[in-house]
Amino acid sequence: MTDKSKVAEKTKEIAVNLLRGAGEDLRLPAAAPAVTYPLETLVPQVRQQTPAVGQRVTRPDGRLHGLGQTKYIDDLSFPGMLYAKIKRAGIASARIKRIDTRAAEAMPGVMAVLTGREIPVNSFGPSLQDQPVLADERVFHAGDGVAAVAAVTEQIALEALERIQVEYELLPAVFDPLTALQDDAPRVHPPKSNIYATKTIRKGDLEKGFAASDRIFEGRFRTQMVEHASLEPHAAIAQWDPNGRVTLWSTLGRITLGRVDIARTLKLAVNRVRIIATIVGGNFGGKNEITQEPVLALLSKKTGRPVKGVFTRGEGFVATTTRHPFVMEYKTGVTKDGRILARKVRLVLDGGAYCSWSETTLGKAAILSAGPYRIDNLLVEAFVVYTNKTMTGAMRGFGAPQVCFAYESHMDDMASALGLDPLDIRLLNVFDEGSLSPTGQVLQSVVARQSLLQAADRFGWREARP
């Protein structure tokens, strides 16, 4: 090898080594500059860092709402779209002996009919999967769907429902939650007990607290079933693509949970289900779980066409979740001046035909049932039971409004019997900084007393009292 070649080879070797070294340097972690903690907290200047606070701001969607140009699901349309309707049982408790869909299937304009036996996994629910998509053996409440139709118009779909013949064997039903508690009550989901969730909270010594009390007051309070009645009813559109994936436009408020539930009922991988959340015209908890989405998806698969379903207002009342009716029993021991020494609470929640969000509602109601008051001796026993009524589920507050009505009414009753101002008995017992909640939580940043005093001052409570 010549000297010139040796020099070139050496130069090449040096260049390769330099490149290798550079590559290794690039792979090393970057060294962050040293920072001394804690950092100085920056206090934003008024209306600079958060310019919206204290200002009038325009909602981005407000203009379209005001002009009536917002696109809701019922405003959407696709080529070849069909319309779905669901036949409701109209019976609270029965065994389905036979469903004859032949006359409906023969109607001109009817493209598909669906029954519960065609659903891959015919059950759903956010906690207990106790609700059928379409009832195929038993009917548990009057709003249960037993068959569905997809047709070229809504009118034809409705006419087809009338031609579906269903033969029932009537079964005993139970409609009162207290009756449902009894051992001899009809079982809504036999052989299981009608009680499907309980919650118990114990704090202190209840009997000792009652023994030390000067007066003991008892009261029973009940609340009714409430429908959300959102301006926009439940609505959805289902459409499949050539690769076997389904897309659903839906009014669901919890699309992630709904996607999992839909995938389960259709026996599909979750990544083959797409949900498009449209602008929702009211939810309030009533659209927190699926309703007709699996039905529309299966009708769309059978027909190869997009299928839309929009509930009527009547369907919203009988076939979607409502607020839980409560039966609430309170027993409270107090001193002569109104200080609460002991309280026993018994809650019975009417869950309707299915669980839905009842377990969550039960827990929140039990924890909040004692009220915002310092009570050293407490017992809360709460139950949720099945009845053959419209299912109950999520609604604003999840059990808090019902118990609030009960414990505040109870406080007013005690104040009246003791000759005390309703404000004073509350100020005597209300939570303060560091008070313990019924479950032992140490409460911080408590301003209940200040809120009561400020509200009373603004209302002119003292001046208004005789």
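**Entry 1: β12 and its neighbours**

Which residue in β12 is the bridge partner of I237? I looked it up and found K308. Before going on, I noted that this is a predicted model, in which local features need pLDDT of at least 70, side-chain atom pairs count only at pLDDT 80 or more, and totals for chains, interfaces and linings use all residues. Residues are numbered from 1 along each chain as its sequence is written, and side-chain values use heavy atoms, with hydrogens and water left out.

My element names are DSSP runs numbered from the N terminus: helices are H or I with at least four residues, strands are E with at least two. I call two strands paired if DSSP finds at least two bridges between them.

Strand β9 (residues 235-240) pairs with strand β12 (residues 307-310) in the antiparallel sense, over four bridges. In that pairing I also found A238 standing opposite V307 of β12. Turning to β1, I see two bridges joining it to β12, and these strands run parallel. There Y83 stands opposite K308.

Is β12 covered on one face or both? Both: V307 and G309 on one side, K308 and V310 on the other, are all buried. Buried here means under 20% relative accessible area, exposed is over 50%, and partly exposed lies in between (1.4 Å probe, protein chains only).

**Entry 2: the seven-stranded sheet**

I traced an open sheet of seven strands with mixed pairing, ordered β3-β5-β1-β12-β9-β10-β11. Its edge strands are β3 (110-115) and β11 (273-277), each pairing on one side only. On average, neighbouring strands here are turned by 20 degrees against each other, direction ignored.

Helix α4 (residues 154-163) lies across β1 (82-88), β3 and β5 (145-151), and runs at about 25 degrees to β1. For these angles, axes are lines fitted to C-alpha atoms (for helices over the stretch in contact), and values run from 0 to 180 degrees between N-to-C directions.

**Entry 3: the five-stranded sheet**

I then followed an open sheet of five strands, again mixed, in the order β7-β15-β14-β13-β8. β7 and β8 (215-222) are the edge strands, each with pairing on one side only. Neighbouring strands are turned by 5 degrees against each other on average, direction ignored.

Why is strand β14 (residues 340-350) largely enclosed by the rest of the structure? Eight of its 11 residues are buried, so the strand is largely enclosed.

Strand β13 (residues 326-334) pairs with β14 in the antiparallel sense over nine bridges, and F326 stands opposite L349 in β14. The two strands form a hairpin with five residues between them, and G338 in the turn has a positive phi of about 100 degrees.

β14 also pairs with strand β15 (residues 377-385), here in the parallel sense over nine bridges. I picked out two bridge partners in β15: V380 for V345, and V385 for D350.

The buried residues of α10 are S358, T361, L362, G363, A365 and A366. Their cover includes β7 (195-203), β13, β14, β15 and α11 (400-418).

My search used a 1 Å grid over the protein atoms alone: a cavity is a set of points where a 1.4 Å probe fits but cannot get out, a pocket is an open set with protein on both sides within 12 Å along at least five of seven lines, and lining residues have an atom within 4 Å of a point. Grid points are joined across faces, edges and corners, and a volume is the space filled by probe spheres set on the points.

The largest pocket holds about 190 Å³ of space. It has 13 lining residues, of which R98, I99, T101, T115 and R117 lie nearest its centre. β2 (94-100) and β3 are the elements giving two or more residues to that lining, and β2 gives the most, with four.

I checked T115, found in strand β3. T115 is buried, with a relative accessible area of 14%. Leaving aside neighbours within four places in sequence, T115 is in contact (heavy atoms within 4.5 Å) with I99, T101, L134, V146 and A147.

How many cavities of 30 Å³ or more does the structure hold? I got seven. The largest cavity has a volume of about 140 Å³. It is lined by 16 residues, with R88, Q131, V133, T291 and A319 nearest its centre.
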